[in-house]
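Here is a report on the packing in one protein model. It covers a helix, a nonpolar core and the aromatic rings.

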Amino acid sequence: MMSTGDSNSIPGGQQQESTEPSKKALKKQQKEAEKAAKKAAYKEQNKKADQQPVDNEEDFSKDFYGNLPLIQSSEKINRKIIDVKDLTPQIADTKVWIRARLQTSRSKGKQCFFVLRQRYWTVQGLIAVGKETSKQMVKFAASINKESIIDIEAYVRTVPSKIESCSQQDVELHTIQIWVVSSAAPQLPVLVEDAARPETDLHLKVVPMYLK
């Protein structure tokens, strides 16, 4: 006659394994859960910090950018402006002032690339967040309307590869100051950039009425 005194015994004398987790396994699961919770809280904290408005941060570059006030006859700004066509590797690492139109600008992350134009000559500029350049300054540069006239102070730097889209292909400007002299309308009817673009697609060409 089979004994029923031991509920964990099965025929053959083998003991039935318990399905409940051991204390060691429970502690391990608890530690992993706490670790995951701390990791999630850390990510959430960083996410909130990244989402804080830039305007709440200290703007240590506020004296190096903005809109120039109207110049009075009694005032004189002592700046030696040089031409874009004179920006060559021969004057690399020197500090210059340039007055030109903003042809294009492209913001990416903590930096902004732009192209300045004087008549037929163009040069690429760069402004990036750093020890002397605040996020607010980069944001301001990216918000300037195309075709605005601006003054920038910058270092002339040589580039490792030619900038094919500009006439000055061997150098670029690393911005120190940027000032809007005359702001253009938010959106001009026809931009110089668009007018200079070649008509490579048939759908971009205008067909005369008498040919329709």
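## Helix α2

Helix α2 spans residues 135-143, and its buried residues are Gln136, Met137, Val138, Phe140 and Ala141. Buried means under 20% relative accessible area, exposed over 50%, partly exposed in between (1.4 Å probe, protein chains only). Helices (H or I, at least four residues) and strands (E, at least two) are DSSP runs, numbered from the N terminus. Cover for the buried α2 residues includes β1 (65-67), β3 (111-118), β4 (121-128) and β6 (171-182).

This is a predicted model: local features need pLDDT of at least 70, side-chain atom pairs count only at pLDDT 80 or more, and totals for chains, interfaces and linings use all residues. Residues are numbered from 1 along each chain as its sequence is written, and side-chain values use heavy atoms, with hydrogens and water left out.

## Nonpolar core

The largest nonpolar core has 26 residues. Such a core is a set of buried Ala, Val, Leu, Ile, Met, Phe, Trp, Tyr and Cys residues joined through side-chain atoms within 4.5 Å. At least two core residues come from each of β2 (95-108), β3, β4, α2, β5 (149-158) and β6.

Leucine 173 is among the residues with the most contacts inside the core. Contact means heavy atoms within 4.5 Å. Not counting residues up to four places away in sequence, leucine 173 touches Leu87, Ile98, Leu116 and Ile152, among others.

## Aromatic rings

There are 2 aromatic pairs. Rings of Phe, Tyr and Trp (its six-membered ring) pair if their centres lie within 6.5 Å; planes under 30 degrees apart count as stacked, over 60 as edge-to-face and the rest as tilted. Tyrosine 65 and phenylalanine 140 form a tilted pair, 5.1 Å centre to centre with 45° between the planes.
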